[in-house]
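Here is a short report on a protein chain for someone meeting it for the first time. Keep the sequence and the model in view while reading.

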Amino acid sequence: MALPVLSSSAVKFRRVLAHFPQELSLAFAYGSGVFRQAGASAEHGETNMLDFVFAVDDVVTWHMMNLLKNRSHYSFLKFFGPKKISTIQRYGAGIYYNTLVPCNGRIIKYGVISTDTLIEDLLHWKTLYVAGRLHKPVKILAQNENSRLQAALVSNLKSAVTAAFLMLPESFSEEDLYLQIAGLSYSGDFRMIIGEDKFKVQNIVKPNIAHFQKLYSTILQDCPQIDKSPEGQFTQLMALPKTLQQKITAIVNPPGKNRDVEEILLQVAHDPDCGFLVHQGISGIVRSSSIVQSAKTILTAGAKKSVTYSLKKLYKMTKGGLKKTS
């Protein structure tokens, strides 16, 4: 199954790619500058910052080439060279962002991640940082013939559906499913307390149901009906990404008891709070990676850009809250 490439014109986004080294295994655009969110006008989408992620096989070489082409995009870290930049990239979610960059008459932010790190996150949900972004519709701009990456992209979507099924009640709507999926990567993210619109998940899903349907239709056709029996939940728990299984077992298993993962997950499958335990596990993954990644922004963006970016986020959060209460 190929990951769907969403159909509306991507020419303006692809023009951005021309400004960067072309050795990309995957490039995609995401966020409110690409897909309209509830409460935002069409004009607002034309002025929003555009967000990109570039996956590259050789991080040091890519940063070396990008420093030659786009040295001004980098903070003071450019003086330390591509190896040091690549070392800093490995912390947190393994992604290095350059933000508030003027490009083709727009302001953009782009993150660079190694292909191997991306594949690991997609398969095992080690940080859920980029994997979580790929639970939601994105605009694929470039993708090479990497079968491991392609399989990992599909696996990530299947895992999102499995986790959502475990957290949903027996009866739910299609919109409920997409709200649950879209919210996975925000569970435990401290920025949802301060820095993000509290209604962000609803704003993402409600205007974009058709895009979610396109992304998940094949997977949902192949899925059996949701099964809330202990046997059904155990099967789903065993299919979850490895890091999430480990987080759940750490919550349930008291220190000093050396029970294996399968035994613990069987216990969780019989627990009435099974869905809540899955949610807690996901929150644990997201919390640690989002804190380190945000702290890293002070280095990668520089102090001035960090303050500017944070103030913009706070403005959007306040504006979103005022709209909902007015």
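The model is predicted. Its mean pLDDT is 86, and 83% of the residues score at least 70. Helix H5 (residues 115-124) has the highest mean pLDDT, 98. Helix H15 (residues 303-325) has the lowest, 54.

**Overall build**

The protein has 15 helices and five strands. Of its 326 residues, 52% are buried. Among contacts with a separation of 6 or more, 73% join residues 24 or more positions apart.

**Nonpolar cores**

The largest nonpolar core holds 63 residues. Which of them touch the most other members? They are Phe28, Leu118, Trp125, Val130, Tyr216, Leu237 and Ile282. Helix H7 (residues 147-167) supplies the largest share of this core, with eleven residues.

Leaving aside residues up to four places away in sequence, Phe28 touches Asp51, Phe52 and Val53, among others. Its partners also include Val130, Leu134 and Val138, as well as Lys139, Ile140 and Leu141.

**Aromatic rings**

The protein counts 13 aromatic pairs. One of them joins Phe13 and Phe52 in an edge-to-face arrangement. Their ring centres are 6.5 Å apart, with 65° between the planes. Phe13 lies in helix H1 (residues 11-17) and Phe52 in strand S2 (residues 50-56), so the pair ties together parts that are 39 residues apart in sequence. Both Phe13 and Phe52 are buried. They also belong to one aromatic cluster, together with Phe20, Phe54, Trp62 and Tyr110.

| Charged residue | Ring | Distance to ring centre |
|---|---|---|
| Lys109 | Tyr97 | 4.9 Å |
| Arg133 | Tyr129 | 4.3 Å |

**One face of helix H13**

Helix H13 covers residues 261-269. Which of its residues are buried? They are Ile264, Leu265, Val268 and Ala269. Seen down the axis of H13, these buried residues fall within an arc of 145°, so they line one face of the helix. An α-helix has 3.6 residues a turn, so residues three or four places apart point the same way. What do the buried residues of H13 pack against? Their partners are helix H11 (230-239), helix H12 (242-252) and helix H14 (274-301).

Thr243 lies in helix H12. Is Thr243 buried or exposed? Its relative accessibility is 13%, below the 20% cut-off, so Thr243 counts as buried. Thr243 and His124 are 119 residues apart along the chain, yet their C-alpha atoms are separated by 5.6 Å. Thr243 touches His124, Trp125, Lys126 and Ile285, not counting residues up to four places away in sequence.

Ser86 sits in helix H4 (residues 81-89). At 5% relative accessibility, Ser86 counts as buried too. Beyond residues up to four places away in sequence, Ser86 touches Val59, Val60 and His63.

Definitions and conventions:
Residues numbered from 1 in each chain as written. Predicted model: local features only at pLDDT ≥ 70, side-chain atom pairs only at ≥ 80, totals over all residues. Heavy atoms only, no water. Core = buried A, V, L, I, M, F, W, Y, C linked by side-chain atoms within 4.5 Å. Buried < 20%, exposed > 50% of the residue type's maximum accessible area, 1.4 Å probe, protein only. Helix = DSSP H or I, 4+ residues; strand = E, 2+ residues; numbered from the N terminus. Contact = heavy atoms within 4.5 Å. Phe/Tyr/Trp six-rings, centres within 6.5 Å; stacked < 30°, edge-to-face > 60°. Lys NZ or Arg CZ within 6 Å of the ring centre and 35° of its normal. Arc of directions from axis to C-beta. pLDDT = per-residue confidence, 0-100.
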